[in-house]
Amino acid sequence: MSTLTRRSLLSKLALAASPALAATQREEHTLIHVFLRGGADTLNLMVPYADDQYYRLRPSLAVKASEAIKLNDRYALHPALKPLEAAFKEGRFGAVQSVGVDNTSGSHFECQDQMEHGDSMSGTPAGGGWLGRFLRIRGSEKQSPLSAVAIGTALPESLRGAPAASVLERLDDMAIKAAQGADSAGVVKALRAMYGADVTLLGERGLETLDLFQKVGALQGTPYQVENAALYPKDSFGTGLREIARLIKARLGLQVACIDLGGWDTHFFQGNATGQQAEKIRTLAEGLAALEADLKSHRANYTIMIATEFGRRVYENASLGTDHGRGFALMALGDRVKGGHVLGSWPIQADDDGNVNTPGPGGLHLETDYRHVFAEVLRGSLGLSSAESAKLFPDITLKSVGLM
Amino acid sequence: MPTSRRSLLKTSAFGCGLAALASCERITTAVNREFLGEAVPTELHPPEGQEIDPDFHLLSRAAFGPWPGDVQRLKAMGQAAWIEEQLHPESMADTACNLRAERFESLYFSAGDAYEFRKPVLRDEITRHSLLRAIYSRRQLFEVMVEFWTDHLNIDLEKGDCIYLKPSDDREVIRAHALGNFYELIRASATSPAMLVYLDGKTNKVRKKTDDQPNENYARELMELHTMGVHGGYSQKDVREAARCLSGWTFDRNRFLAMNQSESFFKPDWHDDGKKTVLGQPIAAGGGAGDLDRLVEIVCSHPSTASFMALKLCRRFVSATPPEGLVKRVAAEFTRTRGDIKCLLRLLLSSPEFQASQGQLLKRPFKFMVSAIRALAADTQAEKSVLEPLQRMGHGLFQYPTPDGYSDDELPWMGTLMWRWNFGLALASGNQPGVRVNLWPLRKSLNAGKKTSAWFAHLIGRKPTEAEFKATTATDDPQTVGLILASPAFQRC
C-alpha cells in the first residue's frame with residue numbers, strides 16, 4: 001500500500017517537475033541550523049567585557065577588553081568573530097543570552113538529545129526531532145528528499161522523523177556506480193524494486209536515497225563556481241557550507257540544512273583571544289562569512305541559527321578549561337533576523353554553590369527556554385504558524401523573544 | 001600437522017624478511033589459502049529455508065558473518081560447543097590471521113614509547129589491524145566483543161595525544177578484558193593513559209591550599225556511559241565526589257626519573273584526600289590511590305550498572321528493543337557473577353529470545369563491510385582504499401568524536417545507504433580497490449552458475465522471496481552478487 005502511494009507520488013513529482021520548481025522559486029527559504037557540539041563557551045564569543053566578575057572568575061581565560069571587538073557598552077565580539085562584525089552592525093546578526101534546555105544532567109547527550117527532540121525534562125516527548133516534526137506537520141506530500149539535508153555522514157536527531165532527509169558530504173559524491181559496462185539503469189531498477197518491497201524504515205530510506213540520486217544527477221554536470229570570491233575554510237565545515245549554498249542556489253526545495261561544528265568541549269586548555277577555542281571560533285566565523293559572500297544575491301532565501309547544547313561555567317577549572325554549565329548565547333544571522341543586539345538580561349548571575357541540581361555551581365542561569373527561540377526562528381524563516389507551533393512544542397506556552 | 005604448519009610459517013616469515021613487502025603479502029595469501037584454512041571448501045550447502053537458518057543467525061551475530069564453510073562446521077559441532085569454543089579464544093589457533101595482522105609494529109609499543117611513530121603510521125596501523133582481525137580471525141566472538149568495548153569505552157584518536165596512547169589501550173584494556181571481567185575492564189580503563197587524556201583525567205587535580213576544582217569529565221562519563229547509564233540514579237554531587245576520588249591519577253611521558261614513563265601514575269599531592277560519599281557510600285579520608293578501587297567497586301556494583309550493561313548487550317546482540325525478560329536475566333547474571341562477560345554471553349546467545357531474533361538488527365557499516373568480505377572469502381591487506389568507503393558510510397574506525405561511541409540505533413546509519421550499495425557492487429565485480437575477489441571457487445562449490453538462489457542463500461542464510469529473486473537475477477554473477485550485497489536483506493542480520 002505505502003509502496004503504491006509512494007510510487008504514484010514519485011511519478012507525480014516527475015511529471016510536475018518543471019512547474020513545481022517554478023512555483024517554489026519565488027518563496028523558497030532555507031533554515032541553516034549550525035550545531036556547535038560539545039557545549040560551546042559562548043561567554044568567550046559574546047564577551048561581557050563590562051563585567052568585572054567575568055575577569056575575576058577567569059583570570060587566564062577571559063578575552064581582554066582591549067582585544068575584543070566592542071559592539072556596545074556591554075558586549076564585545078571575540079576577535080576571531082571579526083568576519084561577522086559588519087553583519088552585526090548592519091543588524092543582520094544577533095544573539096539571545098542565557099538560552100538553554102531545562103535538563104539538569106549536565107550530560108552532552110541528554111542535553112543534545114532533549115534539544116534536538118524539542119523536549120523538556122518535565123514534558124512528555126512529542127516524538128521525533130524538532131525539525132523532523134516540523135517538516136511532518138508541514139505535510140509529507142510537500143517533501144522531497146532534498147527538503148532537509150544534513151551535511152556529514154549521520155542523520156542528526158533533530159531530523160528524526162522527517163518525511164525525508166538526506167545525509168551527504170558533497171553533491172558530487174552522489175552517484176550509484178554500477179560496474180563498468182554493467183547495466184546501470186538495471187541496478188537502479190532492481191534496488192528500487194527491493195527497497196520498495198521493504199515496509200520498514202530501511203525500505204523507506206532506500207527509496208529516498210534513490211530519489212535523491214536522480215535529482216542531484218542533474219546538478220552534477222557543471223562544476224560549482226562560488227560568487228564574490230567567497231573563501232570557504234578548507235575543512236569539512238567549509239565544504240559543507242559550500243554545498244548548502246550550492247543547493248540553495250539550485251532551488252531544489254531545500255527547507256532545512258543541518259551542519260555540525262564539533263570540538264567545543266573545552267575542559268582543558270581552552271585559551272582566550274588565541275588558542276584552542278579561538279581556532280574553532282575562527283572556523284565558524286570564516287565559514288559563515290564565506291557563505292554570506294557566496295549567497296549575497298540570495299540573502300532573502302536563508303536564515304542561519306547557531307546553537308549548542310549548553311554553555312559552560314563562568315569560572316575556569318584548574319586545567320585552564322571550563323566545565324559544563326547551562327545557559328548559552330544563541331546566535332542568528334540573516335536578513336530576517338533583528339540583529340545588532342544581544343537580547344536577554346546580563347549573563348553573569350551564576351547559580352550559587354549550594355545548588356547541586358544545576359551541573360555544578362557557576363553555570364549561567366537559564367533565562368529563556370530554547371523552544372521559545374527555536375519556534376521564533378522557524379516562524380521568521382519558514383513561516384511556522386501558531387497552530388503549527390502548538391503541535392511542534394505542545395508542552396510550552398510560547399512567548400516572543402524579539403530575535404526575528 | 002601443526003608442526004609442519006609451524007615450520008612452514010617460519011620459512012615464509014624468513015621469506016617475508018627478504019622479499020619486498022608486496023610480494024610478502026602475496027606469499028601470506030598463498031600460504032593462508034593453501035594451508036591455513038582460508039580456502040573455499042569444495043562443496044557448500046547454503047541453507048535454503050524460508051527463514052534465516054539458526055546457525056547462520058548465530059554466525060551473523062556472534063561473528064562478523066560466516067566465512068565460506070563456517071555454517072557447515074557449526075552444524076557439525078553444534079551451537080553449544082561452538083559458543084564454548086568462541087568463549088575460549090586461546091584454545092583456537094589463529095595463524096592465518098596472525099600472518100596478516102601481526103605486522104604492525106606500533107601496536108606493540110608501550111604508551112610512552114609509541115611517541116616514536118608518526119601520526120599517519122599510528123592511525124594506519126591500528127585501523128588496519130582492527131579490520132584484518134575482524135575479517136580473518138577465527139576468534140570471531142572475541143573480535144565482536146572488541147568492537148563492542150571499543151564503542152563502550154570510546155576514544156577518538158584525534159583528541160590530544162590519544163593517537164599515541166590508543167594502541168596500548170586497545171591491547172591492555174580492550175583486548176585484555178574483552179571476554180574477561182567487567183570490573184577489571186573498568187578499572188583498567190580508568191587508569192589507561194589514553195582514557196586519562198581523552199576524558200581529561202590527566203589534568204584532574206585538587207592541590208592542597210588552592211581553590212582547584214576537580215575536572216569532572218571522566219567521572220561523569222564513568223557513571224553516565226561506562227557503568228550506570230544517565231538515569232542510573234547518581235546525582236551531580238556524586239559526579240563531583242567521584243571526580244575527587246579520581247583526582248591525582250595522571251599520565252606524563254616526560255616524567256623526570258620515572259621507572260616507567262609509559263604508565264599512568266598516582267600523584268598524591270594532586271589528590272583530594274578528604275572524606276567522600278559516592279552513591280550514599282562513604283569513602284574515608286586518607287584513602288589515597290585506593291579511592292579509585294573503592295569507586296570502581298561502588299559504581300560497578302550499583303544495580304543500575306547490571307541493568308545498563310544487560311540492556312546494552314541485548315541491544316547489540318538481540319534487537320533494538322530487546323524483550324524485558326531477557327534483559328532482566330542478563331542483569332541478574334551480571335550481579336551473580338560480578339560482571340563475568342563470558343557468563344553473560346553464554347546466557348544471551350543460548351537464550352530462546354536470541355534464537356527468535358533473526359534479521360531484526362541493522363548491520364552497522366563496519367559489520368556490513370566485514371561480512372561481505374568474509375562471505376566472498378576475499379583477500380585484502382586492509383589498505384587505505386578499503387578503509388575509505390567505511391569513512392563514507394560514517395563508520396571510520398577510532399574516529400567517533402564523543403565518548404558515547406558509535407550508535408546501536410538504526411537511524412544514524414540510514415543516510416549513507418548509497419555507499420553500501422556502491423561498495424557491494426564494486427566488491428562483487430572486482431572493482432573495489434584493495435580487495436581481490438574471485439567468485440569462481442565459490443560459484444563452483446555452490447554449484448551456482450547463474451543460480452540466483454544459491455548465491456542468495458549463501459549470503460543471506462535463506463532462500464529469496466519471489467521479488468528478491470526477480471530483482472537480483474542479472475546477466476552475470478558479479479551483478480547478482482553485487483545486488484544481493486546491496487539488498488535490504490544483506491543490510492540486516
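**Close-up views of a predicted two-chain model**

View 1. Leaving aside residues up to four places away in sequence, Ala242(B) touches Ala219(B), Leu222(B), Met223(B), Val278(B) and Leu295(B). Ala242(B) belongs to the largest nonpolar core, where Ala242(B), Leu330(A) and Val330(B) are the residues that touch the most other members.

**View 2. The largest nonpolar core, with 259 residues.** Leu330(A), Ala242(B) and Val330(B) touch the most other members of this core. The element that gives the most to the core is α21(B), with nine residues. Within chain B, at least three residues of the core come from each of domain 2 (37-180 + 361-491) and domain 3 (182-301).

**View 3. The contact between chain A and chain B.** Chain B contributes 48 residues to this contact, and chain A contributes 47 residues. On the side of chain B that touches chain A, at least two residues are supplied by each of α12 (217-227), α13 (236-246), α21 (417-428), α24 (466-472), α25 (477-486) and α26 (488-491) of chain B. Of the elements on this side, α21(B) gives the most, with six residues. By residue class, the side of chain B that touches chain A comprises 18 nonpolar, 18 polar and 12 charged residues.

**View 4. Domain 1 of chain B against domain 2 of chain B.** The domain assignment of chain B places residues 1-36 in domain 1, residues 37-180 + 361-491 in domain 2 and residues 182-301 in domain 3. Taken over C-alpha atoms, the centres of domain 1 and domain 2 of chain B are separated by 23 Å. Nine residues of domain 1 are in contact with nine residues of domain 2 in this chain. On the side of domain 1 that touches domain 2, α1 (2-18) and α2 (21-35) of chain B each supply at least two residues. The helix α2(B) gives the most to that side, with six residues. The residues on the side of domain 1 of chain B that touches domain 2 of chain B divide into three nonpolar, three polar and three charged.

**View 5. Chain A, with 12 helices and 12 strands.** Chain A has 404 residues, of which 53% count as buried. When contacts in chain A between residues at least 6 apart in sequence are considered, 72% join residues at least 24 apart. Chain A supplies 47 residues to the contact with chain B, and its residue Leu330(A) is one of those that touch the most other members of the largest nonpolar core.

How values were computed:
Residues are numbered from 1 along each chain as its sequence is written. Chains are lettered from A and ligands numbered from 1 in the order in which they are written. This is a predicted model: local features need pLDDT of at least 70, side-chain atom pairs count only at pLDDT 80 or more; totals for chains, interfaces and linings use all residues. Helices (H or I, at least four residues) and strands (E, at least two) are DSSP runs, numbered from the N terminus. A residue is buried if 20 or more other C-beta atoms lie within 10 Å of its own, exposed if 12 or fewer, and partly exposed in between; C-beta atoms are placed from the backbone. Two residues are in contact if their C-beta atoms, placed from the backbone, lie within 7 Å. Ala, Val, Leu, Ile, Met, Phe, Trp, Tyr, Cys and Pro count as nonpolar, Asp, Glu, Lys and Arg as charged, and the others, Gly among them, as polar. Domain bounds come from an automatic or database domain assignment. A nonpolar core is a set of buried Ala, Val, Leu, Ile, Met, Phe, Trp, Tyr and Cys residues joined through C-beta atoms within 7 Å.
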